[in-house]
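I am opening a notebook on this structure. The entries below record what I looked up.

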Amino acid sequence: MPSEANSTFDITEPLALHGGPKAKRTPFPSRKRHGELEKRYLSEVIDSDVLFFFIGSKVFEFQKRFAAMYDRKYCIACSSGTAAVHIALAALQLPPGSEVITSAITDMGSLTGMLYQGLVPVFADVDKHTLNMDASSTRRCVTERTRAILVVHHGGLAADMEAFLELGRELNLPIVEDCAQAYGTKYKGQPAGTMGAISAFSLNHFKHITCGSGGMVITDDDRLRYLASLFLDKCYQREEKIRNPFFLAPNYQMTELQGAVALAQLDRVEEITSRRNQLGTKLNHLLREISGVSPQHVPAGCWHSYFLYFFKLDLEQLGCTAREFATALAAEGVPNEAHLITGGRPVYLYEIFQERSAFPGSTYPFGSRVYPAGDCPVAEQAFNEWITMNLFEHYTDGDIDEIGFGIAKVARYFAARKVVPISTPVVSAP
């Protein structure tokens with residue numbers, strides 16, 4: 001336990017909520033995400049007087065380098081991670097009304113493009129130990145209208161791609177990987193994003209690396225690459241110098257300014273993901289010694305890049321709610337959230353799906369599809385049991401010791417409170 005590693009840790013001390021000292025004794029170090037290389041590349045763009053990607057150089061250089069990082073033939077950079085998922089799905093050219101199966105625990109960025117394409121989201125439940133979408137549940141979701149599977153690698157941990165690829169081959173369904181939270185993540189030695197037909201990444205402010213907002217898709221497929229490049233750019237065939245769109249497409253271009261920052265950020269991917277893996281592995285070790293909590297399971301052969309850190313509460317043993325635990329832990333100086341990151345519910349319980357209100361005055365594209373509570377019981381229960389934290393790469397080993405101590409201290413308090421017998425008052429007979 002953390003108390004064994006540092007004599008200043010005493011898990012019997014009062015909670016900070018009750019006037020005791022905070023478990024987080026020292027402040028977190030400051031974080032600096034951008035520096036001289038970003039400034040240099042941005043300056044070069046300004047000096048070039050070209051901000052449009054197609055006649056610039058930074059976006060093309062970024063695409064080339066990112067494709068090489070993942071040993072893919074092609075990378076198409078775009079304006080956001082949401083745009084990247086939209087592009088990946090649009091490149092499949094699925095007809096409206098097609099069903100796409102994805103995870104019940106994800107971000108709306110996985111779903112927005114789906115709806116705009118007239119596709120119908122179908123939600124698979126998650127594995128109770130990893131929170132990634134479950135392949136067995138996915139199989140049960142398949143209907144005659146299923147046309148693709150969008151596999152989300154949630155929080156930096158790879159989903160069970162072997163099972164999903166087998167399902168895709170069996171049913172002739174393309175597998176799209178949503179890697180918005182999965183830089184550096186590996187599944188049995190293979191990088192997440194290199195196993196499906198096409199994969200989407202995000203450069204949103206909150207991701208491992210960022211250019212404020214941006215994204216990209218990668219693929220080895222020539223036709224998917226071509227269609228993705230058209231969908232990015234209003235279906236203008238700039239490579240052939242033709243402006244004659246033959247399908248509906250938005251403008252999801254990445255600017256040279258975004259490309260400059262993204263290009264500089266590539267130098268930090270390995271450093272960031274490696275450090276987060278070290279910190280997450282260390283915290284896992286500490287939490288395994290704390291009664292009443294358990295870290296997210298990392299299957300054998302998987303390498304976690306810890307976009308987020310999750311741990312599960314044994315509510316019966318602790319006798320508290322996730323919200324109560326999170327409040328006590330935050331008071332100890334450890335930032336955290338109960339109920340995960342998607343608004344306290346699986347995404348299918350959002351109003352847009354409950355009311356089927358993607359477009360005004362219409363239930364398009366849902367058709368007869370409804371999303372009742374109880375569809376994904378493991379996902380629904382997860383919001384009552386799991387705590388979410390950030391493990392930033394600038395954290396120190398000492399920070400992890402103090403975080404572990406805070407969790408141990410809070411867990412001990414609630415477990416001890418639960419087992420204290422409540423005396424029954426003696427009532428005199430009248």
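Entry 1. Which residue in E3 is the bridge partner of glutamate 99? I looked it up and noted valine 120. Before going on I wrote down that this is a predicted model, where local features need pLDDT of at least 70 and side-chain atom pairs count only at pLDDT 80 or more, while totals for chains, interfaces and linings use all residues. Residues are numbered from 1 along each chain as its sequence is written, and side-chain values use heavy atoms, with hydrogens and water left out.

Entry 2. I stayed with strand E2 (residues 99-103). Strand labels come from DSSP runs: helices are H or I with at least four residues, strands are E with at least two, and both are numbered from the N terminus. E2 and E3 run parallel and are joined by five bridges. Two strands count as paired if DSSP finds at least two bridges between them. I checked valine 100 and found alanine 148 as its bridge partner in E4. Five of the five residues of E2 are buried, so the strand is largely enclosed by the rest of the structure. Buried means under 20% relative accessible area, exposed over 50%, and partly exposed in between (1.4 Å probe, protein chains only).

Entry 3. I followed the pairing from E4 onward. Strand E4 (residues 146-152) pairs with E5 in the parallel sense over four bridges. Valine 152 has aspartate 178 of E5 as its bridge partner. Aspartate 178 also stands opposite alanine 200 in E8. E5 and strand E8 (residues 198-202) run parallel, joined by three bridges. Are the two sides of strand E5 buried or exposed? Ile175 and Glu177 on one side are buried, and so are Val176 and Asp178 on the other. I also noted that E4, helix H7 (residues 161-171) and E5 make a right-handed β-α-β unit. Right-handed means that, with the strands pointing away from the viewer, the path from the first strand over the helix to the second runs clockwise.

Entry 4. Next I looked up the rings. I found 29 aromatic pairs in the structure. Rings of Phe, Tyr and Trp (its six-membered ring) pair if their centres lie within 6.5 Å; planes under 30 degrees apart count as stacked, over 60 as edge-to-face and the rest as tilted. Phenylalanine 123 and tyrosine 348 form a tilted pair, at 5.9 Å centre to centre with 35° between the planes. Phenylalanine 123 lies in strand E3 (residues 120-124) and tyrosine 348 in the loop between strand E13 (337-338) and helix H13 (351-354), so the pair ties together parts 225 residues apart in sequence. Phenylalanine 353 is in helix H13, 230 residues from phenylalanine 123. I noted a relative accessible area of 7% for phenylalanine 123 and 1% for phenylalanine 353. Elsewhere, Phe62, Phe66, Tyr70, Tyr183 and Phe201 form one aromatic cluster.

Entry 5. I then looked for charges over rings. The rule is NZ of Lys or CZ of Arg within 6 Å of the ring centre and within 35 degrees of the ring normal. The charged end of lysine 24 sits over the ring of phenylalanine 28, 4.5 Å from its centre. Arginine 225 has its charged end over the ring of tyrosine 74, 5.4 Å from the centre.

Entry 6. Last, I looked up an open sheet of four strands, with antiparallel pairing and the order E10-E12-E14-E13. Strand E10 (293-295) and E13 stand at the edges with a single partner strand each, so one side of each is left without a neighbour in the sheet. E13 and strand E14 (residues 386-389) run antiparallel and are joined by two bridges. Alanine 338 stands opposite isoleucine 387 in E14.
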